[in-house]
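Subject: A structure for you to look at

Hi there,

I am passing on a structure that I have been going through, and I hope you enjoy exploring it. Please open it alongside this email and follow along.

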Amino acid sequence: MKAFIIDRHGKKEVGHIASVPEPALREDDVLIQVYAAGVNALDSKIRSGEFKLILPYTLPLTLGNDVAGTVVRVGSAVQQFNVGDEVYVRPDQDRIGTFAERIAVKAASVALKPTNLGWEEAASVPLVALTAWQVLVETAHLKKGQKVLIHAGSGGVGTIAIQLAKHLGAFVATTTGTANVEWVKALGADQVIDYRTQDFADLLHDYDVVLNSLGNDVLEKSLTVLKPGGMLISISGPPTPAFAATQGLSWPLRQVMRLLSSGIQRKAKRKGVEYRFVFMRADGPQLREITSLIEAGSIRPVLDKVFPFEATADAMAYVDAGRAKGKVVVQVVPPAGRGSE
């Protein structure tokens, strides 16, 4: 089958389409015919080798962390899915590879595709929606009436996180560029900070939660908007020893994580707030909860651009440029070759 692969890690590595073996199907897997695959900043970070210590992938490696498609085979132990089911999923982190014609995925990570979404829209959802869920619901336990700052509101995670936070009843502030101010307000943001002309630290105070996806300068400044007992949650690092423990990393790597996060942990403690690092994981039951919200109209995916499979490298470059509003998707099978939507 065809897949978009990298042969080595590196910032100059582009990747290319090649013929690769069909994925092996385990007893608890489903084999998915990929119709569309979401493109994430994570793909570029994996390609460059940023996560080599945490996720030691075997090369050559097929990239891709989001998928929507149909089930074409099921493992002998799988009972919840059948051939022909329309599904979407963020594969487990050690078995990525959605930029391909087919992928085998653990059935426990999979959910039925929302009935009100097309394939490209569905493929844009799993990773960013699970990230937003695991930050706001699972980690922050965000409640009605609380205040949350979501950085980069026009990005893939930001667009979903704003809608999820509003669904939970929170007051939502977000940061974005001038051109997107009115656009993120339409997503539900109550207060929008134009980072080109305004400083969020001057305008926001007494917040319960901050979701950070940006650099260390924004991370540290975010401490100033939190009230005592608040929580600063970052999906862009630095990772913590607790994260290292959940990943089963070696003792030396745990000490590296401790060192990397010691500065922000110390500053958070002085402020009387908590710092957490979230590295999202595949989770079928959570994805089914998200499906319910999408089908109820509480959350809608934001799709910026769709690229053909042959232009996967261009799709990644477009995401790397940082100008996407919402998500970018690769169309692996064109509409003429699919089932009904």
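Below is what I found, going from the whole protein to some of its parts.

Please keep in mind that this is a predicted model.

**The whole protein**

The protein has 11 helices and 16 strands. Its radius of gyration is 20 Å, close to the 20 Å that the globule rule gives for 341 residues, so the protein is as compact as a globular protein of that length. If you follow the C-alpha trace along its principal axes, it spans about 55 × 45 × 40 Å. Of the 341 residues, 56% count as buried. Contacts also reach along the chain: among those between residues at least 6 apart in sequence, 68% join residues at least 24 apart.

S3 pairs with several other strands. With strand S7 (residues 102–106) it runs antiparallel over five bridges, and there isoleucine 32 has isoleucine 103 as its bridge partner. Six bridges connect S3 to strand S5 (residues 67–74), again in the antiparallel sense; here valine 34 is partnered by glycine 69. Strand S16 (residues 327–331) is joined to S3 by four bridges and is antiparallel to S3, with glutamine 331 as the bridge partner of alanine 36.

**A three-stranded sheet**

Next, look for the open sheet made of three strands in the order S2-S1-S4, with antiparallel pairing. Strand S2 (16–19) and strand S4 (61–62) stand at the edges with a single partner strand each, so one side of each has no neighbour in the sheet. Strand S1 (residues 2–6) is linked to S4 by two bridges, and isoleucine 6 stands opposite leucine 61 in S4.

Finally, find helix H3 (residues 126–139) and helix H10 (residues 284–295), which pack at an angle of about 100 degrees with their axes 10 Å apart. An angle of 65 to 115 degrees counts as roughly perpendicular, and H3 and H10 are therefore roughly perpendicular to each other. On the H3 side, the contact is made by Pro126, Ala129, Leu130, Trp133, Gln134 and Glu138, and on the H10 side by Gln286, Leu287, Glu289, Ile290 and Leu293. These contact residues divide into seven nonpolar, two polar and two charged.

How values were computed. Residues numbered from 1 in each chain as written. Predicted model: local features only at pLDDT ≥ 70, side-chain atom pairs only at ≥ 80, totals over all residues. Heavy atoms only, no water. Pairing = 2+ DSSP bridges. Axes fitted to C-alpha atoms, helices over the stretch in contact; angles between N-to-C directions. Parallel < 35°, antiparallel > 145°, perpendicular 65-115°, else oblique. Contact = heavy atoms within 4.5 Å. Nonpolar A, V, L, I, M, F, W, Y, C, P; charged D, E, K, R; others polar. Rg over C-alpha atoms; globule rule 2.2 N^0.38 Å. Buried < 20%, exposed > 50% of the residue type's maximum accessible area, 1.4 Å probe, protein only.
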